[in-house]
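My plan is to check how some of its parts sit against each other.

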Amino acid sequence: MNKRTHLIKPLLGMDYGVISHGKGIYLYDEEGNSFLDGCSGAVTANIGHGVSEITEAMVNQANQVSFVYRSQFTSSSAEELAERLAQSAPGDLDWVFFVNSGSEAMETALKIAIQYWQELGRPTKNKVISRWMSYHGITMGALSMSGHVIRRSRFTAMLEQYPTLSPPYCYRCTFKDHCPNCSKQYALEFEREVQRLGADTIAAFVCEPIVGAAGGAVVPPETYFKEMKAVCNRYDILFIADEVMTGIGRTGKMYAMEHWGVVPDILALGKGMSAGYTPMAATLVSDRIIQTIERGSKIVLSGHTFSANPLSASICLAVFNYIKKHNVVENAEKSGAILLRGLENLKSIYPIIGDVRGRGLLTAIEFVQDPLTKEPFPLQNEVTNRFIRKCYEEGLLVYTAAGGLNGVAGDAVIVAPPLIIQEHEVQILLDKLNKGLTELVSELA
Ligand code: PLP
C-alpha cells in the first residue's frame, strides 16, 4: 500500500494497490482480496468486468485493423457506432464526433457551440453559462465550464468564469422559500444572468442532468430543465447536456435528459459508452447545427489523432449491443429503485446521513453533523475519505463526491455499481455499506 512507484497517481487517489483481474461486479487485487465495485470505478464500468463478448469483439477488430487516421479514412465500426448512437439519441441529435475522454467531449461541445454562432454571423456569442457544483472535465475549456472549486483552484487565473448559476440542489435549495416551485426561480436567475451579460455574448448553457462528482447524484426538481430550456429558446442560447456520467443507461434511461423530455442541442458522452473497456467518448450534435456548418465553412475544427479509432469503436459497439441484448438499462432502473430504498433505510438508522438521492444506479449519500440543521462536518474531519476507507476494508468500493456547499465543504459519496447488478448483489452491497457506516459512526463518536 502507498508504495512509491514511477506512475504518477492523478488527483486524490486512494492508492489501493494493484488489481489483477475483474469479473462481473467484482475486482480482485494481487494480494487475493476481492472488492464489490460499488461505484463502477469512476461510474464507468457499466456492464461489469471481464465480459467475454467485449474481449472477443476486441480481438476480431484488432485482427482486421486497429488504427486508421480519421482525416484519411473512416471504418465500418466507427460508422456503425455513430449510426447506433444517433438512432438511440433523442430528437435530432443525429451527428456524432468521436474523442477519447469526457473532457474532450465537453471541449468539442464548447467549440462546436461557438462555431455555430460564428457560422451564423454572430461571433460575439462565445461565452457559456454554467452552474456551481458541476464538473465537466479537467482540460482548460472543460474546467472553465466546471463549478468545482477544488479542481479549479490552482488554475483560476487561466480559466473563464463560466459558472455563475446556483445548482438545483433540493437538499440545500437556494430558493427554498419557493420549493417545490423553485424551478421558476432558477430559470429567473438564469434569465437575469443572460440579461446582465447580454444575450448576444452567450453561446450556450451547460449542465449535467444529474450532478455527479461535484455534488453526488443531485437530481433537479421536476420542471427545472423545461424552465431552463425555455430561457435558452427565448434568448437564442444552445443547450449542452453533459451526459458523460449519466449517459448510456446509468440513470435507468438511455439518456438522462429523457427523464424530463428536454432535447439538448449538443450532448456529451464518455464513461459508460465504452464501459471502461477502452478510452472513448463522443459529442452528439443536432442536425440543425451540422446543417449550418455544412452551409458555412463545412469544417468542424476539432479532433485528435485517435478520434474515431476503429478498435475503440468496435469495443463501444460491442458494449452497446450487450446493453441492448441483456436489457441493462431496464435493470439499472429496477436495481436502482431497490438500492435507493435500501439507502433510505440506512438513513433512518444513521443520523449522520442527511440525504440520500439519485436516479437509476446513480445514487449518493450525504453526511451531516446534525440532520436537523444540515450542518456539514468540518473538512478537516475527512468524513468522506474515512467512510470510503471503511467500505474498502469491508471489500466495497464507493466514489467520492465533493458534497454540498460548492465543493468546499460537505461530505458525499456516490454509490453507482455496474448496471448489471442483481437484486441479491444489491443486498450484499447494502450490508457492506451498513458495516462501513457502523465503523464510521463508532470512530466519530
Ligand atoms: N463530465 C462529467 C459529468 C464527468 O463526470 C466527467 C468525469 O468525471 C467528465 C466530464 C470528464 O470526463 P473524463 O474524466 O473522461 O475526461
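This is a predicted model: local features need pLDDT of at least 70, side-chain atom pairs count only at pLDDT 80 or more; totals for chains, interfaces and linings use all residues.

Entry on two helices. I looked up helix α12 (residues 383-393) against helix α13 (residues 423-444) and got an angle of about 130 degrees, with the axes 8 Å apart. An angle over 145 would count as roughly antiparallel and 65 to 115 as roughly perpendicular, so I call α12 and α13 oblique to each other. The crossing of α12 past α13 is right-handed. On the α12 side I find R386, F387, K390 and C391, and they meet K432, L433, G436, E439, L440 and E443 of α13. Sorting the residues of this contact, I get four nonpolar, one polar and five charged.

Entry on the sheet. I traced an open sheet of four strands in the order β11-β12-β15-β14, paired antiparallel. β11 (353-359) and β14 (399-401) are its edge strands, each pairing on one side only. From one strand to the next, the twist averages 25 degrees. Between β12 (residues 362-367) and β15 (residues 411-415) I found five bridges; A364 has I414 in β15 as its bridge partner.

What lies across β11, β12 and β15? I see helix α11 (residues 328-349) there, running at about 175 degrees to β11. α12 packs on the sheet too, touching β12, β14 and β15, and its direction makes about 35 degrees with that of β15.

Entry on the ligand. I looked up the 16 residues around the ligand, and S101, G102, S103, G137 and V244 come nearest. Helix α4 (residues 102-119) gives the most to this shell, with three residues. By class I noted seven nonpolar, seven polar and two charged residues.

Key
Residues are numbered from 1 along each chain as its sequence is written. Axes are lines fitted to C-alpha atoms, for helices over the stretch in contact, and angles run from 0 to 180 degrees between N-to-C directions. Angles under 35 degrees count as roughly parallel, over 145 as roughly antiparallel, 65 to 115 as roughly perpendicular and the rest as oblique. A crossing is left-handed if the near helix is turned anticlockwise from the far one by less than a right angle, and right-handed if clockwise. Two residues are in contact if their C-beta atoms, placed from the backbone, lie within 7 Å. Ala, Val, Leu, Ile, Met, Phe, Trp, Tyr, Cys and Pro count as nonpolar, Asp, Glu, Lys and Arg as charged, and the others, Gly among them, as polar. A residue is near a molecule or strand if its C-beta atom, placed from the backbone, lies within 6 Å of it. Two strands pair if DSSP finds at least two bridges between them.
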